[in-house]
Amino acid sequence: MEMIQVRDLHKNFGDQKVLKGISFTLNKGEVISLIGPSGSGKSTLLRCLMALEYGDQGDILIEGETLCKNGRYIPENKMRPVLAKMGMVFQQFNLFPHMTVRENLLCAARLQKKDTVHELDEKCKQLLKKVELSDKAGEMPARLSGGQKQRVAIARALMLNPDMMLFDEPTSALDPELTGEVLQVIRDLSAEKMTMLLVTHEIGLAKDASDKVIFMDQGVILDEGTPEEIIVNPRTDRVKTFLQKVYL
Ligand code: ADP
Ligand code: MG
C-alpha cells in the first residue's frame with residue numbers, strides 16, 4: 001500500500017526555487033531515509049507533507065487520499081484526518097514546557113477523543129516504557145536531557161496512533177553522547193516495521209535502518225536506491241563527495 005505519494009512537487013520561497021519537481025513513493029512498512037546537504041530542501045519537503053508549508057505545484061497523496069493536487073491543498077477541515085495519519089518529530093523537540101512528560105503525551109491524545117481515559121493512561125505507560133522513560137512521567141521537560149526530551153517527543157507522536165512517522169533530523173540538536181538513545185528508539189520502530197520517512201545526517205542509521213535512501217541536492221532528487229547503492233557504493237560523484245564530508 002502506498003502511504004505517501006509525491007508527484008512533481010515544487011515549492012518556491014519568493015524567487016528561490018526550493019523544491020524543483022520532487023517525486024517519490026513511501027510504501028507501507030518501508031523506511032526511507034532522506035539525506036543531502038543543508039539547504040537542499042529536506043525540511044521543506046517534510047513541511048509540505050504536513051501542510052506546515054504549502055507546495056506550489058504537484059500532487060501529494062496520503063494513503064491514497066489527496067492532500068494536494070496541482071499545487072492546491074484540500075480545505076483545512078478535510079485536511080485534519082489526512083494529516084493525522086502522520087506523526088512528526090522535529091529537531092527541536094517542541095515539548096510543552098509547562099506540562100509534565102505525562103501531560104505532554106496525554107494532551108493531544110485527549111483532544112482526539114478516540115480512547116477512554118483508562119486506555120490513554122495505559123497507552124501512555126506503555127509508550128514511556130518503550131522509550132525507557134517510565135520513571136520520568138511526572139518530570140517537567142526542563143529537567144530532562146536533550147535525548148530524553150526527544151524520546152518524549154517520539155512517544156508523544158506515537159500516542160496519536162499514526163500510520164507512519166516523519167522525522168526531521170531528530171538527533172541534530174543533541175550532544176553526541178545522547179544521540180545513541182534516540183537512534184535506538186528509531187531503530188526499534190524500524191524493526192517493528194513502522195513506516196517512516198527519516199531526514200537524517202546519521203549515515204549509519206540511514207544505512208542499516210532504511211529500505212531505501214533518497215539523496216536530495218538543491219531541490220531535486222539526485223539519486224535514490226537501496227542503502228547499498230547510495231551509501232555503501234555510491235554511484236554518483238556528488239553523493240560520494242557528500243558522504244566523505246559527513247563521515248569526517
Ligand atoms: P534542508 O532541510 O535540506 O537543510 P530547508 O528545506 O530547510 O533545507 O531549506 C531549503 C532552502 O529554503 C534554504 O535555502 C532555506 O533558506 C530556504 N527556506 C526554508 N524555509 C524558508 C522560509 N520559511 N522562508 C524563506 N526561505 C526558506
Ligand atoms: Mg532541515
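A residue counts as buried when its relative accessible area is under 20%, as exposed when that value is over 50%, and as partly exposed in between. The model described here is predicted, and the values below are to be read with that in mind.

**Two residues in one loop**

Thr-171 is found in the loop between β8 and α6, the latter spanning residues 176–191. Its relative accessibility is 7%, and Thr-171 therefore counts as buried. Setting aside residues up to four places away in sequence, Thr-171 touches Thr-179, Val-182, Leu-183 and Glu-202.

Ala-173 lies in the loop between β8 and α6, but at 34% relative accessibility Ala-173 counts as partly exposed. Once neighbours within four places in sequence are left aside, the contacts of Ala-173 are Gln-91, Gln-92 and Phe-93. Ala-173 and Pro-37 are separated by 136 residues in sequence, while their C-alpha atoms are 16 Å apart in space.

**The sheet**

Six strands form an open sheet with mixed pairing, in the order β7-β8-β9-β3-β10-β11. Because β7 and β11 stand at the edges, each with a single partner strand, one side of each is left without a neighbour in the sheet. Averaged over the sheet and with direction ignored, neighbouring strands are turned by 15° against each other. Helix α1, made of residues 42–49, packs on this sheet and touches β3, β7, β8 (164–168), β9 and β10, and its direction makes about 145° with that of β8.

| Strands | Bridges | Direction | Opposite residues |
|---|---|---|---|
| β3 (31–35) and β9 (195–199) | four | parallel | Ser-33 and Leu-198 |
| β3 (31–35) and β10 (212–217) | four | parallel | Ile-32 and Lys-212 |
| β10 (212–217) and β11 (220–225) | five | antiparallel | Asp-217 and Val-220 |

**Strand β10**

Strand β10 covers residues 212–217 and is mostly covered, with six of its six residues buried. In a regular strand the side chains alternate between the two faces of the sheet. In β10, Lys-212, Ile-214 and Met-216 point one way, whereas Val-213, Phe-215 and Asp-217 point the other way, and all of them are buried.

**The largest pocket**

What is the volume of the largest pocket? The volume is about 820 Å³. The lining of this pocket comprises 26 residues, of which Met-50, Ala-84, Met-86, Ala-108 and Leu-160 are the closest to its centre. The elements that give two or more residues to the lining are α2 (76–83), β7 (86–89), α3 (101–112) and α5 (146–159). By residue class, the lining divides into 19 nonpolar, three polar and four charged residues.

Definitions and conventions
Residues numbered from 1 in each chain as written. Chains lettered and ligands numbered in written order. Predicted model: local features only at pLDDT ≥ 70, side-chain atom pairs only at ≥ 80, totals over all residues. Heavy atoms only, no water. Buried < 20%, exposed > 50% of the residue type's maximum accessible area, 1.4 Å probe, protein only. Pairing = 2+ DSSP bridges. 1 Å grid on protein atoms, 1.4 Å probe; cavity = no way out; pocket = protein on both sides within 12 Å on 5 of 7 lines; lining within 4 Å. Points joined across faces, edges and corners; volume = space filled by probe spheres on them. Nonpolar A, V, L, I, M, F, W, Y, C, P; charged D, E, K, R; others polar. Axes fitted to C-alpha atoms, helices over the stretch in contact; angles between N-to-C directions. Contact = heavy atoms within 4.5 Å.
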